[in-house]
Amino acid sequence: MELARDEEEMLRGGAGLAAKKSMEILVALGEIYGAERLLDVSSVQVAGVSYDNLGDAGLEFLEEMARDGRARALTTLNPAGMDVENWEALGIARDFAQKQKRVIDLFAGMGILPTCTCTPYFVGNLPRYGQHIAWAESSAVCFANSVIGARTNREGGPSALAAALTGKTPAYGLHLAGNREPRVGIRVTERLRDETEFGALGCVVGKTVGGEIPYFTGIDTPDLDSLKALCASLATFGGTALFHMEGVTPDRVMPPQKSIRVTREEIRQAVGDLNDAVEVDFVSIGCPHASLSELGRIARYLQGKTVAMETWIHLARPLKKTADLMGYTEIIEKAGARLACDTCMVVAPLKGRFRGLATNSAKAVYYGRAKNGFQVVFRTLEECLAMAAGG
Ligand code: F3S
């Protein structure tokens, strides 16, 4: 791989040990994938923030990188294992909280913004069309590539951190226009009614296309929350990092000649498969983290009601400030639900605490089952809240 002078310098250690180690990671990655050079990145999203996933080995790696590492591109952080300000109310153990705080402090010390959200595009890390970026967090990667039209591979925790500390990423995969063409057409024959149907569509299509890039037709002007749900589900069930949608996504590409049809029956079947027969004792909304419009829907639904079980709404902390201003926080908290910033039902250490999770996110269904051993009920936002409120 050909390196520019500043890249050579970093690789030699002239910019410090963290930059050297980062450059070694990127060069090794580039060589594996046949990259000819490195690209400058304008934005990075780092994942692998929850101490529940990192453990002590991850913490040690961060300690080492933080000795002289410094971010060279706008970099934000994925959710952590707790609400940074309100962890005690969520029942998080003190020992865990101390380790989690250390992790976040180390990232912040490297100049990484401790946003702790999987929707960086809601809090100021919003790349432009065509820009090269290096994002980890599969749902956000799919959103960035597809909805925004920025260019990123699905980075892992270490490679995203390496991109942050060098401002570089190897030029391969979805950074190259030739690799962004759709390979399989998906014709949706029925109107999708709500976020559960978009999540179910992601599940059906993800499992069908595997790693291929789909081109959707037949979906009429989906709103941002539906696209967010589709991205998370496609990425979870198919490892999809990019899709195109006729009349919606910005990349100008040639539609594939042939299409696979997705019917209402398949959507209904997928929704059914995302449901277990379980009594719900935990309701959790906000995977990916809730938008302002979802927060408005939640407040409108909970106005004057009381929830009868643990009900957590996950969101980026900066959005909570707006929710405060709009009076949403007061309504939601008065109903007994919690706004759990910085974290989510998947990355928080919740194994064994609850049995039955109700959520409107297909991704949360998958990881709720796989990581936390929950059984799940998959319904719309309002239906989940109705369960919480005993209605
Ligand atoms: Fe975000 Fe957690 Fe879902 S990180 S996408 S809310 S699993």
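Tutor: A salt bridge is counted when a side-chain nitrogen of Lys or Arg lies within 4 Å of a carboxyl oxygen of Asp or Glu. Please keep in mind that this is a predicted model. One case is the pair Glu310 and Arg338, whose side chains meet at 3.2 Å, N to O. Glu310 belongs to strand 11 and Arg338 to strand 12, 28 residues apart, so the pair links distant parts of the chain.

Student: How many salt bridges does the structure hold?

Tutor: The structure holds 25 salt bridges. Among them is the one between Asp40 and Lys168, at 2.7 Å from N to O. Asp40 lies in strand 1 and Lys168 in strand 5, so this pair ties together parts that are 128 residues apart in sequence.

Student: Which of these two residues is buried, and which is exposed?

Tutor: Lys168 is buried, with a relative accessible area of 7%, whereas Asp40 counts as exposed at 55%.

Student: Which residues are linked with Asp40 and Lys168 in a network of salt bridges?

Tutor: Asp6 and Glu7 are linked with Asp40 and Lys168 in such a network.

Student: What does the salt bridge of Arg264 and Glu190 tie together?

Tutor: The side chains of Arg264 and Glu190 meet at 4.0 Å, N to O. Arg264 lies in helix 9 and Glu190 in the loop between strand 6 and helix 7, so the pair ties together parts 74 residues apart in sequence. Arg264 is buried at 15%, while Glu190 is partly exposed at 36%.

Note on methods: Residues are numbered from 1 along each chain as its sequence is written. This is a predicted model: local features need pLDDT of at least 70, side-chain atom pairs count only at pLDDT 80 or more; totals for chains, interfaces and linings use all residues. Side-chain values use heavy atoms; hydrogens and water are left out. Helices (H or I, at least four residues) and strands (E, at least two) are DSSP runs, numbered from the N terminus. Buried means under 20% relative accessible area, exposed over 50%, partly exposed in between (1.4 Å probe, protein chains only).
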